[in-house]
Amino acid sequence: MLSIVKGPYLQRPTVNSMTIMWETSEPASSSVSVLVAERIHSGYQGNYKTPTEIRSTVSKEGYSTIHQVTVDHLNPSTIYFYQVLSENEQGSIESSPYPFKTAVQQGEPFSFTVTSETGGYSGFDRSNGQVNQNIFDQMLKYRPDFTLFVGDVVNDGDHYEDWEMYFFGPGKDLLVSTPCYNSLGNHEKNASLFYDFFAFDPPQNFYSFDYGDVHFICLDSTDFINPESYPNSSGIMSPGNAQYDFLVRDLQSTSARWKIVFFHYPPYVSGGYQVEDLRQLCPIFEQYGVDLVFNSHTIVYERSHPLRADKIDYDEGIVYIVAGGAGAMPEWLLPKRDWHTSQSLAVPHFIQVVVTTDHLMLRAIDHEGRLFDSLQLKKGMNGRRLFLG
Ligand SMILES: [Fe+2]
C-alpha cells in the first residue's frame, strides 16, 4: 500500500518559491498543488478557512521514493497552503493541506529558531523523556519562519531508521510548515542520506542563503576537522581548500546588513568538546563583519563574551553561541567556565532569534518554555554592530 513515510517538509524558501519534499513507501509520481485559502476577517476571528481552491499544480516526470518539487511564481512574505500527491500502479496517496510562508524581502522583520543534537548521543533514546520531541514542540509554539539545525540530528547518519526516529518523526509537526537548514555534524557521518533528504544548494554540505536582511552561511566543520584527528587537525583551513575559498568569496560578495555563520564544532565552549583549530576561521569572520556564530557538538547552551583576535572585545567582538539544545547531559560541563564564557547552562533548549533591519534579539528558551538567556545586537548608522547585552 502506497504511503507517505516522511514529511511532507519544506526546503529553500525564497521570496517567490518553496521546495517541498516527502518520501513514499514505494516509487511513485511527484505532484504538489498550491492552494488558496480564504482568510476569515469577521469579528474577532483571524484564521483561514480550509483551503479548497487550487492555485497551481507542479508535477515531475518519473517515479521516485524521495520527492522534491519546487513551486514558484509566488508572492513574498505570503502564506499559502500546499498538498502533495503521489501515484503509482498500486494506488495514490495525498497529504492534508499544510501552510507555508514565502521568504520576507529586505527590510522586513522575521524570526527563526536554532537547535541541534536531536540525535541525542550517548544513551539518549526515545524512551527517556523524548527531549528532542519537547524541543520541536516548543519551537513550533514560537512559529518561526524557518529553523537551523547545527548538526547531530541523528545518532548515525548511515542508519536509515535514525532519520525518522530522531529527526523527521519528532519534528513532523514543525517541519511540515517550517523550512529547515542543516549543518553536518560528526554523527551525520557525511552519509549519502543527508544529501538525499535535503535540497540545500550544491555541494549541500556548505552553502549560503539570504533571508530578509540577513546573509546566512552554513559550513561543514567535519570537512575542516577530521573527527578522528581533532583537536590536532592537519589544518586545511587555507586558500586552495574549496570550502575555505567559498567562505571568503561568499563574505566578500554579500552586501547584506547582517551576517550569521553556523557550523557544528565549536571554536569556543567550556564543555570539554571545544575544537580550537577552528579558531583559524575567526579572523575571516572578523575581517568581513560576521555578526553572530552558532555552533553545537556539546549538549549545553553557551554564549561567549564578544570575542575578537581571541580576546574579549565588547566593542568589536563576535558572540559565539553553542546551541546543543535537544539533549541534556549536565556532566558535559567542565567544573568551571572557560575565560571566554559569558553564560552557560546544561538544559534542553532552543534559540529564538528575531531580526529587524537594525536590531537582532536572541532568546534562549528551555524545554518548558522558560527564557533563561538573551542577547541584543544593534546596527549603527554605518553598519557597525553594537553589543547591547
Ligand atoms: Fe557532534
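Reader: How far apart do the C-alpha centres of domain 1 and domain 2 lie?
Author: They lie 28 Å apart. Bear in mind that this is a predicted model.

Reader: Which residues belong to which domain?
Author: Domain 1 covers 4–101, and domain 2 covers 110–387.

Reader: How many residues of each are in contact with the other domain?
Author: The contact involves 20 residues of domain 1 and 20 residues of domain 2.

Reader: And what area do domain 1 and domain 2 bury between them?
Author: About 1700 Å², with 54% of it on carbon and sulfur atoms.

Reader: On to charges. How many salt bridges are there between domain 1 and domain 2?
Author: The count is 2 salt bridges.

Reader: Which residue forms a salt bridge with Asp-201?
Author: Arg-12 does, and the closest N and O atoms of Arg-12 and Asp-201 are 2.8 Å apart.

Reader: What about polar contact between domain 1 and domain 2, how many residue pairs?
Author: There are 12 residue pairs in polar contact, counting pairs with both residues at pLDDT 80 or more.

Reader: Which strands supply the side of domain 1 that touches domain 2?
Author: Strands E1 (4–11), E2 (18–36), E3 (53–71) and E6 (98–101) each supply at least two residues of that side.

Reader: Where does the largest share come from?
Author: From E1, which gives 7 residues to the side of domain 1 that touches domain 2.

Key: Residues numbered from 1 in each chain as written. Predicted model: local features only at pLDDT ≥ 70, side-chain atom pairs only at ≥ 80, totals over all residues. Heavy atoms only, no water. Domains from an automatic or database assignment. Contact = heavy atoms within 4.5 Å. Buried area = accessible area lost by both parts, 1.4 Å probe. Salt bridge = Lys/Arg side-chain N within 4 Å of Asp/Glu carboxyl O. Polar contact = N/O pair within 3.5 Å; in protein donor to acceptor, adjacent residues only side chain to side chain. Helix = DSSP H or I, 4+ residues; strand = E, 2+ residues; numbered from the N terminus.
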